Amino acid sequence: MTDILIVGGGTAGAVLAARLSQDPQRRVVLVEAGDDHAPGAEPADIRDAFPAATLNARYFWDGLTARATDASVPAPYPQARVMGGGSSINGLFALRGVPSDYDRWAQAGAGSHWSWDAVLPRFRQIENDLDHPTGKAGAPGPHAIARTPQAQWPAFARAMAQAAQRAGLPWVPDINEQPGDGFFAMPNAIGDDDARVTTAGCYLTAQVRARGNLRIVPNTFVTRLRVQGGAVRGVEAMQRGEPVFMPAGRVVVAAGGIHSPTLLLRSGIGPADELRAVGVQPVLDRAGVGRNLQNHPYLFFALTLPRGKRGADTLRRFALAGIRSSSHRRGCPPSDLFNFIIGRVSGQAFGPHFALVGSALYAPQSRGAVRLRSADPAQGPDIAFRFLSDPADPPRMLQAARLAEQLLRDPAVAAEYNEAFLLPGALAMKQFNRPGLAGQALALAARAAANSPQIVRRQIFGRAFKSGAPVAHRHGGRPITDAQLLSSISPMGHPVGTCAMGRADDPMAVVGEDFGVHGIGGLYVADASVMPVIPSANTNLPTIMVAERAVGRIQ
């Protein structure tokens with residue numbers, strides 16, 4: 001029988017499979033709902049330094065929707081369904097977060113070993129920073145990180161760095177080693193071959209896959225956990241359209257911030273009254289399963305760039321730079337605001353003709369929930385982020401957006417782009433990219449429009465973005481209301497907290513310090529869902545850190 005079965009081959013699951021199978025006496029099975037690609041055989045869109053994989057529907061769950069705010073309607077919410085999970089499709093930001101993130105984990109009941117001082121050595125062990133080696137002894141970590149030199153940035157981005165310094169935000173050479181406020185070159189999950197780094201590639205190497213005690217089972221959807229006598233006995237799954245049972249001594253759920261709680265709920269682990277209401281027989285009444293959902297709300301300004309002031313056509317890097325700043329509001333942590341610069345909007349030739357400036361709240365206090373709609377595994381969960389529901393969040397979201405507006409209106413910055421438009425709330429790349437013939441037509445039209453006369457260009461993009469006249473350009477712009485900014489937010493792909501770590505006597509905690517689910521023997525959760533508080537960072541590196549630290553606690 002399998003000793004440890006891991007549900008989900010995403011960012012965390014790939015790490016867990018590689019590390020737990022290092023013991024040759026331990027039989028490990030990794031089950032992934034999506035496709036698997038052997039190292040060196042990854043599709044071109046996954047290897048791409050531009051996140052073209054985000055546009056490939058094959059890598060995502062079908063029909064998943066979420067509500068961003070209490071007033072919004074459900075909208076498509078992409079979640080990865082492919083080996084490597086989010087690391088195979090995300091925007092490649094490689095950020096650790098800031099010290100207060102992890103200190104708040106400890107305060108939330110996760111234990112003192114989650115403080116910044118405790119997690120920092122593990123981050124350094126994971127990373128192979130090609131630009132700023134940490135000076136550690138021994139071999140570099142498995143996960144490469146690189147930045148795009150300023151000389152390769154479009155002109156407006158270099159001007160923004162100088163404008164930020166004039167606004168009191170210093171240049172930070174290495175934001176991971178010097179966390180705090182400032183302007184910095186964005187660390188990216190990119191290797192020395194200029195290809196994306198995924199946990200599927202850097203952890204599930206050919207050598208790891210050759211282990212006789214590790215079995216990888218792709219295209220297999222785990223529908224339920226089988227729990228008997230207060231302990232997990234294995235999982236029920238669909239494989240090639242047929243139901244199968246996979247017995248295991250221990251099960252580690254690593255399906256992410258949305259699907260990990262969904263699996264527990266479908267298996268009868270969660271708020272008992274809610275489970276009965278959708279036809280699920282409760283196994284364990286645990287109120288916190290699916291609660292405490294957090295994510296980062298963000299919005300985008302789209303810039304049209306003139307000839308001679310764009311990035312090189314050959315540069316396929318996406319995120320170029322970032323800005324951390326503090327709201328200085330009572331009860332809010334430092335470095336809670338985030339802005340970032342995207343150098344191109346498409347992998348096609350017109351991509352560098354546009355750029356994006358994003359604004360986000362990276363330490364939100366609002367919390368939502370993941371609930372079942374039905375006991376049917378084919379029906380996705382109800383996801384409500386409830387952005388801006390905490391009164392501390394709307395003013396800080398506006399503060400981040402107004403900082404971007406301030407920098408875009410700086411005369412030295414405005415001289416380096418044509419105009420900036422506020423984008424409506426949606427995945428920005430989907431507004432610039434379409435599949436098939438429609439995508440080719442859009443590319444031709446976007447290229448022509450970006451290089452058309454000013455009056456034509458502004459009319460075209462004002463209508464295309466449904467935002468009217470540009471909000472900023474070298475001669476001024478138009479005012480933006482707070483309501484317009486807040487109505488433009490969307491959820492990032494960073495759901496966390498729905499199986500939060502904490503003490504057993506806390507009804508909202510789901511797992512303990514050992515990652516074991518309170519009240520169920522042999523069942524663990526080890527992914528972003530256990531984070532009690534969302535980190536002030538894109539969640540890829542923090543999730544890898546969580547998985548690495550879980551390995552020694554899963555016994």
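## Close-up views: cavities, buried loops and a helix

**Pro154, Gly311, Ala312, Leu315, Arg317, Leu320, Gly343, Arg344 and Pro352 line the second largest cavity.** The model is predicted: local features need pLDDT of at least 70, side-chain atom pairs need 80 or more, and totals for chains, interfaces and linings use all residues. Residues are numbered from 1 along each chain as its sequence is written, and side-chain values use heavy atoms, without hydrogens or water. The volume of this second cavity is about 50 Å³. Its lining holds five nonpolar, two polar and two charged residues. Here Gly counts as polar, and Asp, Glu, Lys and Arg as charged. A cavity is a set of points on a 1 Å grid over the protein atoms alone where a 1.4 Å probe fits but cannot get out; lining residues have an atom within 4 Å of a point.

**The largest cavity has a volume of about 60 Å³.** Its lining is made up of His37, Glu42, Ile46, Met83, Ser88, Thr198, Ala200 and Gly201. These residues split into three nonpolar, four polar and one charged. Across the whole structure, three cavities reach 30 Å³ or more. Volume is the space filled by probe spheres set on the grid points, which are joined across faces, edges and corners.

**Ser366 sits in the loop between strands E17 (354-361) and E18 (369-371).** Strands (E, at least two residues) and helices (H or I, at least four) are DSSP runs numbered from the N terminus. Ser366 is buried because its relative accessibility is 4%. Buried means under 20% relative accessible area, exposed over 50%, and partly exposed in between (1.4 Å probe, protein chains only). The Ser366 side chain reaches two backbone nitrogens: that of Asp390 at 2.9 Å and that of Leu388 at 3.4 Å. Beyond four places in sequence, Ser366 touches residues including Leu293, Gln294, Arg386 and Asp393. Touching, or contact, means heavy atoms within 4.5 Å.

**Helix H14 (residues 454-464) has Arg457, Arg458, Phe461 and Gly462 buried.** These residues lie on the same side of H14, because they cover an arc of only 120 degrees around the axis. The arc is taken from the directions from the helix axis to the C-beta atoms. Ile455 and Arg463 are exposed on the other side of H14. Cover over the buried residues includes strands E14 (297-304), E17, E20 (419-422) and E21 (472-473), plus helix H13 (436-450). After H14 comes Lys466, with a positive phi near 55 degrees.

**Pro470 lies in the loop between H14 and E21.** With a relative accessible area of 6%, Pro470 is buried. Beyond four places in sequence, Pro470 touches Glu419, Ala420, Phe421, Arg458, Gly477 and Arg478. One of these contacts, Arg458, is also among the buried residues of H14.

**Ser335 and Asp194 both have a positive phi: about 55 degrees for Ser335 and near 60 degrees for Asp194.** Most residues other than glycine have a negative phi. Ser335 falls in the loop between strands E15 (319-325) and E16 (337-342). Ser335 is buried, at a relative accessible area of 6%. Asp194 is in the loop between strand E7 (182-185) and helix H6 (199-202). At 39% relative accessibility, Asp194 is partly exposed.

How values were computed:
A polar contact is a pair of N or O atoms within 3.5 Å; within protein, one must be able to donate a hydrogen and the other to accept it, and residues adjacent in sequence count only if both atoms are side-chain atoms. On a 1 Å grid over the protein atoms alone, a cavity is a set of points where a 1.4 Å probe fits but cannot get out, and a pocket is an open set with protein on both sides within 12 Å along at least five of seven lines; lining residues have an atom within 4 Å of a point.
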